[in-house]
Amino acid sequence: MYDGDIASTLVTEQAIREKTAELAQEVGRDYAECCSGLGRDSDLLLVGVLKGAVMFMTDLARALPLPVQLEFMAVSSYGSSTSSSGVVRILKDLDRDIANRHVLIVEDIIDSGLTLSWLLKNLESRGPASLEVCTLLRKPDAVKVEVPVKYVGFDIPNEFVVGYGLDYAERYRDLPYIGTLDPSVYA
Ligand code: XMP
Ligand code: MG
């Protein structure tokens, strides 16, 4: 699949699976008291950011030891296809109110942090009981704005990556691992 397009594997399928299980245990412990066995209005709400977070969100949800409900948002940040500007537009909003709910934003990757910073402010204004972030990947060297992220899978170098939900021009989301692209793809 995608022969010659992927220059290197950065995070293997197995590493993703193991890390997801670890994060799920951690989240499960942290939310056991507030969100387990108390009924549907107490269930933890996972908010996934489309489309990149879909693979991680569905794997994380299935690894979590407590009941969760799934919500999705789609946002677009104005800017080029490979860097964001921090000016964000909601393409698809949540289907319901998150007031008084425990909310965990699930992200594929934090790059500059600009998108997430905007999203945190936006969701905070809706009055959730709590609001935290879980991201599979983070690029520490790319950060422009510090955002409080409670759960991080992997810190990676400041390179453009694809796979496991992440795309280049809508391709490669279906790769089961995270890799870097061969320069010939951009050419
Ligand atoms: P910021 O810079 O606002 O960007 O933190 C977050 C969003 O930008 C996308 N992004 C990437 N997508 N490979 C991708 O396929 C990458 O290396 C990459 N870096 C940033 C992604 O949508 C993320 O949510
Ligand atoms: Mg994204």
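**Notebook: rings, sheet, helices, cysteines**

I searched the whole structure for aromatic pairs and found 3. The model is a predicted one, and I read every entry below with that in mind.

**Aromatic pairs**

I took the pair of tyrosine 2 and tyrosine 172 to start with. The ring centres are 4.6 Å apart and the planes make 55 degrees, and the pair is classed as tilted. I then checked where the two residues sit. Tyrosine 2 belongs to the segment before strand 1 (6–11), and tyrosine 172 to the loop between strand 8 (161–162) and strand 9 (178–181). The pair therefore ties together parts that lie 170 residues apart in sequence.

Are these two tyrosines buried or exposed? Tyrosine 2 has 18% relative accessibility and counts as buried, because the cut-off for buried is under 20%. Tyrosine 172 is buried as well, at 2%.

Next I looked at phenylalanine 160 and tyrosine 168. Their ring centres are 6.2 Å apart with the planes at 80 degrees, so I logged the pair as edge-to-face. Phenylalanine 160 has a relative accessible area of 25% and is partly exposed. Tyrosine 168 is partly exposed too, at 21%. I also noted that ring pairs link Phe160, Tyr168 and Tyr186 into a cluster.

I traced an open sheet of 6 strands, with order 4-3-2-5-6-7 and mixed pairing. Which strands stand at the edges? They are strand 4 (88–92) and strand 7 (151–155). Each has a single partner strand, so one side of each is left without a neighbour in the sheet. From one strand to the next, I read an average twist of 30 degrees.

I went through two of the pairings. Strand 3 (residues 68–77) and strand 4 run antiparallel and are joined by 4 bridges. On that side, serine 76 has arginine 89 in strand 4 as its bridge partner. Strand 2 and strand 3 run parallel, with 7 bridges between them. Here leucine 50 has alanine 74 in strand 3 as its bridge partner.

I checked burial for strand 2 and found it mostly covered, with 6 of its 7 residues buried.

**Helices on the sheet**

I asked which strands helix 1 (residues 13–35) lies across. I listed strand 2 (44–50), strand 5 (102–110), strand 6 (130–138) and strand 7, and the helix runs at about 165 degrees to strand 7. Helix 1 has a bend of about 35 degrees at arginine 29. Its buried residues include Ile16, Leu23, Val27, Tyr31 and Cys35. After helix 1 comes glycine 37, where I noted a positive phi, near 75 degrees.

Helix 2 (residues 54–63) lies across strand 2, strand 3, strand 5 and strand 6. I logged its direction at about 165 degrees to strand 3.

**Cysteines**

How many disulfides does the structure hold? I found 0. Cysteine 34 counts as partly exposed, because its relative accessibility is 23%. Cysteine 35 counts as buried, because its relative accessibility is 1%. Cysteine 35 is also one of the buried residues I had listed for helix 1.

Definitions and conventions. Residues numbered from 1 in each chain as written. Chains lettered and ligands numbered in written order. Predicted model: local features only at pLDDT ≥ 70, side-chain atom pairs only at ≥ 80, totals over all residues. Heavy atoms only, no water. Disulfide = S-S within 2.5 Å. Buried < 20%, exposed > 50% of the residue type's maximum accessible area, 1.4 Å probe, protein only. Pairing = 2+ DSSP bridges. Helix = DSSP H or I, 4+ residues; strand = E, 2+ residues; numbered from the N terminus. Axes fitted to C-alpha atoms, helices over the stretch in contact; angles between N-to-C directions. Contact = heavy atoms within 4.5 Å. Bend = angle between axes of the 7 residues up to and from the residue. Phe/Tyr/Trp six-rings, centres within 6.5 Å; stacked < 30°, edge-to-face > 60°.
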